[in-house]
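Subject: Structure handover

Hello,

Please find the structure below, followed by notes on what was found in it.

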Amino acid sequence: MNKMILYKEWLKTRWPLLGMAAVMVAFTFYSLLNLAKVVEFRGADILWSTLVFKETVLIEQLKYLPALAGAVLSVAQFLPEMTRKRLKLTLHLPYPQGKMIALMALYGMAAVTLLSLLQALVIGIVLGRWIVSELVVRVLVTAAVWYLAGWATYLWMAAICLEPTWRMRIVLLLILAGLVWLLFLSGIPEAYNDFLPWLVLYVLCGAVLLYHGVARFKEGLQD
Amino acid sequence: MEPVITCEHLTHWFGARKIYEDLNFQVQSGHIVGLLGKNGTGKTTTINILMGYLKPTSGSCRIFGEEVQRISPSTRERIALLLEGHVQYSYMSIDQIEKFYSAFYPKWNRDAYYGLMEKLKVAPGQKISRMSNGQRSQVALGLILAQNADLLVLDDFSLGLDPGYRRLFCEYLRDYAKAEGKTVFLTSHIIQDLEKLVDEVIVMDYGSILVQEDAASLMARYPGLTLEDIFIELTGKY
């Protein structure tokens with residue numbers, strides 16, 4: 001049964017997922033190619049000095065991609081469930097409802113995480129050819145908050161999709177907008193290091209909202 | 001034997017609008033019960049309450065002895081549900097949806113499903129979203145029959161179907177239910193379909209149940225009238 005639940009989620013999301021993977025590959029490739037050109041013409045020293053003396057991590061063009069991936073994936077997964085109230089079919093399956101929602105969310109989180117990890121891996125490997133590992137870590141730790149934004153948009157957009165009333169959807173959307181604004185507020189490298197764990201916790205608490213939306217759906221709340 | 005469905009003192013309001021008050025009815029095992037009523041009398045509301053998708057203002061319903069808001073997965077396995085409009089996972093093909101559902105129902109009858117699908121004349125990989133209303137209804141019917149459930153709950157099963165598909169649906173459903181001793185609880189706005197299908201009718205009006213009676217004895221009380229005529233007689237023309 002678990003396998004079939006994941007199969008259903010795959011059927012819904014395969015094309016958006018592959019599309020987002022292609023977009024992330026293209027942007028990452030473009031960004032790293034630009035850096036490669038800089039290295040070719042001016043040497044790797046320029047990367048070192050930029051990273052050490054300037055408030056940049058060289059790959060800022062990629063920062064919104066994980067958030068976009070999270071949003072696209074959650075809409076691809078949960079909007080079909082709410083269209084014509086298909087969630088009734090899902091909740092009617094002879095499978096514990098709480099576990100069903102958890103499995104669906106885990107699938108999405110895993111997909112977003114996989115995209116993020118692959119991108120981080122490629123960035124780490126390529127940058128590692130030009131700069132020392134300490135600076136690679138600096139880049140990736142700075143990027144961690146962007147990947148967290150991917151989780152945030154995934155969970156909160158899923159909660160917005162599962163919420164049956166527009167009024168509450170707007171409330172959730174405003175909260176998500178605030179959260180995303182906070183996650184991208186500072187562009188200073190490693191600015192979020194100290195309170196990243198709390199941000200992770202806050203983002204993951206968004207998973208509770210999925211259950212809240214389903215509970216409201218089951219009560220029959222509507223506009 | 002305990003009734004399959006029991007609703008007691010069911011009351012529901014949508015805001016300031018009362019749907020019904022102190023509704024009581026039971027559905028016995030092996031019966032095909034039709035819930036009739038004009039638009040807005042609470043037929044779909046009743047289905048939603050029974051399936052746990054709507055919390056009533058007060059009152060309770062039980063299916064197979066379980067409170068409907070907390071039906072266990074093992075009991076849900078015994079209930080086949082058809083949503084209004086034959087809503088299904090339309091991004092799946094007929095093969096994909098059979099593969100999906102069969103994993104959840106140990107008594108899955110593959111032949112019952114594909115027996116109907118052979119009549120569809122669609123490509124195996126064709127998405128349900130690209131099928132006509134009638135074809136989608138056949139897929140929905142096939143899935144219901146294949147589940148081999150003890151109780152079938154169908155909300156407005158004839159919605160959007162032409163007479164040919166409606167007849168196919170009714171014939172299949174009745175033959176299947178009677179042969180297998182299944183209990184069926186259904187709503188339809190096309191009364192003439194129900195005449196040959198149901199054993200028992202519940203006629204709702206705004207706020208209450210007008211009649212809950214064996215279909216044959218109801219029709220015997222109104223000789224010469226069809227079920228549709230009796231319905232209009234009971235509920236008024238408009």
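**Salt bridges**

A:Lys12 and A:Glu81 are both buried. This is a predicted model, and every value here is computed from it. The side chains of A:Lys12 and A:Glu81 form a salt bridge, with 2.6 Å from N to O. The pair joins distant parts of the chain: A:Lys12 lies in helix α1 (residues 2–42) of chain A and A:Glu81 in helix α3 (residues 65–82) of chain A, 69 residues apart.

A second salt bridge in chain A is formed by the side chains of A:Lys8 and A:Glu9, at 3.1 Å from N to O. Both of these residues, A:Lys8 and A:Glu9, are buried as well.

In chain B, the side chains of B:Lys18 and B:Glu21 meet in a salt bridge of 2.9 Å, N to O. Are these two residues buried, partly exposed or exposed? B:Lys18 has 37% relative accessibility and therefore counts as partly exposed, because that value falls between the limits of 20% and 50%. B:Glu21, at 41% relative accessibility, counts as partly exposed too. Over all chains, the structure holds 15 salt bridges.

**Chain A overall**

Chain A has nine helices and zero strands, so its pattern along the sequence reads α-α-α-α-α-α-α-α-α. Its C-alpha trace spans about 65 × 30 × 25 Å along the principal axes. Chain A has 223 residues, of which 52% count as buried. Taking the contacts in chain A between residues at least 6 apart in sequence, 82% join residues at least 24 apart.

**Packing of α5 and α9 in chain A**

Two packed helices are described by the angle between their axes and the distance between the axes. For helix α5 (residues 97–127) of chain A and helix α9 (residues 207–219) of chain A, the axes come within 11 Å and cross at roughly 135°. α5(A) and α9(A) are therefore oblique to each other, because an angle over 145 degrees would be needed to count as roughly antiparallel. The crossing of α5(A) past α9(A) is right-handed.

Which residues make the contact? From α5(A) they are A:Gln97, A:Gly98, A:Ile101, A:Ala102 and A:Ala105; from α9(A) they are A:Leu210, A:Tyr211, A:Val214 and A:Lys218. By class, the residues of this contact of α5(A) with α9(A) comprise six nonpolar, two polar and one charged.

Regards

Notes
Residues numbered from 1 in each chain as written. Chains lettered and ligands numbered in written order. Predicted model: local features only at pLDDT ≥ 70, side-chain atom pairs only at ≥ 80, totals over all residues. Heavy atoms only, no water. Salt bridge = Lys/Arg side-chain N within 4 Å of Asp/Glu carboxyl O. Buried < 20%, exposed > 50% of the residue type's maximum accessible area, 1.4 Å probe, protein only. Helix = DSSP H or I, 4+ residues; strand = E, 2+ residues; numbered from the N terminus. Axes fitted to C-alpha atoms, helices over the stretch in contact; angles between N-to-C directions. Parallel < 35°, antiparallel > 145°, perpendicular 65-115°, else oblique. Left-handed = near helix turned anticlockwise from the far one by under 90°. Contact = heavy atoms within 4.5 Å. Nonpolar A, V, L, I, M, F, W, Y, C, P; charged D, E, K, R; others polar.
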